Amino acid sequence: MINRDYEVVIGLEVHAELCTETKIFCGCKNAFGAEVNTLCCPVCMGMPGTLPVLNKQVVDYAIKMGHALNCSINRVSKNDRKNYFYPDLPKAYQISQFDVPLCENGYLDILVNGDVRRIGITRIHIEEDAGKLIHDDSFDGTLADYNRCGVPLIEMVSEPDLRSAEEAKAYMEAITNILLYLGISDAKMQEGSVRADVNVSVRPRGQKEFGTRTEMKNVNSFGAVYRAIQYEAQRQIEVIRKGGVIEQETRRWDDAKGKSYVMRSKEDAQDYRYFPDPDLLTFEVSEAHVQELKDSIPELPVAKALRYVKEYGLLPVDAELLASNRARSEFFDACVALGNCDKKLICNWMIGDIAKILNERRIEITDTALTKENLTEMIALIEKGTISNTAAKTVLDVIIETDVPPAKVMEEKGLAQISDSGALGKIVDDVLANNPKAVADYKGGKTNVAGFLVGQCMKASRGQGNPGVLREMLLSAIEKL
């Protein structure tokens, strides 16, 4: 729990690998999981005499993200060399962007507990990824895999507008969902496709000046971002309360141990000695192409969730969950457009039983045989009292595998709900006779046992009894006893 006398100030630098076919400056395949050092060439290794060539799709993807984050687009831009000497970059510099990023001065609206928070976006720039260092107890020293060298990245730098670990987690989730919506990154955090450098400082509540920040590098899960901020904020508060001074430094977050450790003093821009890359020309994107890319942006998750709340009356938490996945939200929209059943019921099935099936199988809704017509017909049968929710689950198991009308499944499996009082009368009588204690408890004022008795009736009817009719019959019969 963060001390309430202090305010936490957070800025995130989110790095996302782009899912282009080839790397940013060469023709090497852009893929994860290949054998060590098999996807690299003299260009991405930075060998003397080689010349990089900028991948046009990388620029397009970055501009798309810029539009999605409400940025202004710099149609004339350039690449710069960022110099640092670490073994994961064999040429001892990274091709990045310094003073003229592709996109800048934007914002992202995020939803936190149903409320909208606007987070400023300082810039989005393109750059190449570094290699991967491999540390293992089975050998002495460190090995290097350069397959990742030259994989295209966009870095999205936020303003220090985040004020809690919860907000930072929501921001990361929103960024990831947008990347997936745009189809520009697979956003697989477990493979390092999305990583965040987390900048944290604290200040006495009410103070305007920012405190000294520390940076935690390459935090690669939503939960880890949350935990790292909680730990680091508390660590800084303890240092200050004991009369210490916070040093500007880069730290490593160890999620397994729940602690951060000093790596080095934090560099400033001048330490990297940026200068324009002499091997790459300044590039220009036409106004027409920038507009074409903007026109291709779909309705994005936060805007979609807010629309669901406003137009359909969905709960904010349900709307967020539904809108976070593009394929599922588009399927929901298609179902709503048919107008065959209640919108909230469609949402409940989409984020409930359907989501459970998809998540268990690790597939998307587009990988199933489920159609908007069949799902809405099934829900309409529930609304009419033709089948119960329990029976509908059996129907769903069939229509998600094969394109069979729900009514036909219901008939073939004998799932039609029984509402006839004559047919249900014997079931009610038997349940009351077999549960005298429950009947006595109800008559003694414990009315919640009515649910138990209805459940027993549903079990006896194999899920086909109409629960509403059964409840009325049960209560009526008990009153007569």
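Two residues are said here to be in contact when heavy atoms of theirs lie within 4.5 Å. The legends describe a predicted model, in which local features need a pLDDT of at least 70 and side-chain atom pairs count only at pLDDT 80 or more, while totals for chains, interfaces and linings use all residues. Residues are numbered from 1 along each chain as its sequence is written, and side-chain values use heavy atoms, with hydrogens and water left out.

View 1. Asp80 belongs to strand 4 (residues 80-83), where helices (H or I, at least four residues) and strands (E, at least two) are DSSP runs numbered from the N terminus. With a relative accessible area of 1%, Asp80 is buried; buried means under 20% relative accessible area, exposed over 50%, and partly exposed in between, using a 1.4 Å probe and protein chains only. Leaving aside neighbours within four places in sequence, Asp80 is in contact with several residues, among them Gln94, Ile95, Tyr274 and Phe275. The side chain of Asp80 makes a polar contact with the side chain of Lys78 at 2.5 Å, and it also reaches the backbone nitrogen of Phe98 at 2.8 Å. A polar contact is a pair of N or O atoms within 3.5 Å; within protein, one must be able to donate a hydrogen and the other to accept it, and residues adjacent in sequence count only if both atoms are side-chain atoms.

**View 2. Cys41 in a loop.** Cys41 is found in the loop between strand 1 (6-17) and helix 1 (56-68), and at a relative accessible area of 18% Cys41 is buried. When residues up to four places away in sequence are not counted, Cys41 touches Cys26 and Cys28.

**View 3. Helix 5 and what covers it.** Helix 5 (residues 301-312) has 12 residues and reaches 16 Å from its first C-alpha to its last, close to the 16 Å expected at 1.5 Å a residue, the expected span being 1.5 Å times one less than the number of residues. Its buried residues include Val302, Ala305 and Tyr308, and the elements that cover the buried residues of helix 5 include strand 6 (103-112), helix 2 (165-182) and helix 7 (326-338). After helix 5 comes Gly313, whose phi is positive, near 70°.

View 4. Ala187, which is not a glycine, has a positive phi of about 55°; Ala187 lies in the loop between helix 2 and strand 11 (194-204) and counts as buried at 10% relative accessibility. Arg362, also a residue other than glycine, has a positive phi near 55°; Arg362 sits in the loop between helix 8 and helix 9 (372-383) and is exposed, with a relative accessible area of 80%.

**View 5. The two faces of helix 15.** In helix 15, the residues Leu470, Met473, Leu474, Ala477 and Ile478 are buried. Seen down the axis of helix 15, these buried residues fall within an arc of 130°, so they line one face of the helix; the arc is that of the directions from the helix axis to the C-beta atoms. The face turned away from the buried side of helix 15 carries the exposed residues Glu472, Glu479 and Lys480. What covers the buried residues of helix 15 includes helix 12 (421-434), helix 13 (436-443) and helix 14 (449-460). At the N-terminal end, Asn466 caps helix 15, with a side-chain oxygen 3.0 Å from the backbone nitrogen of Gly468.
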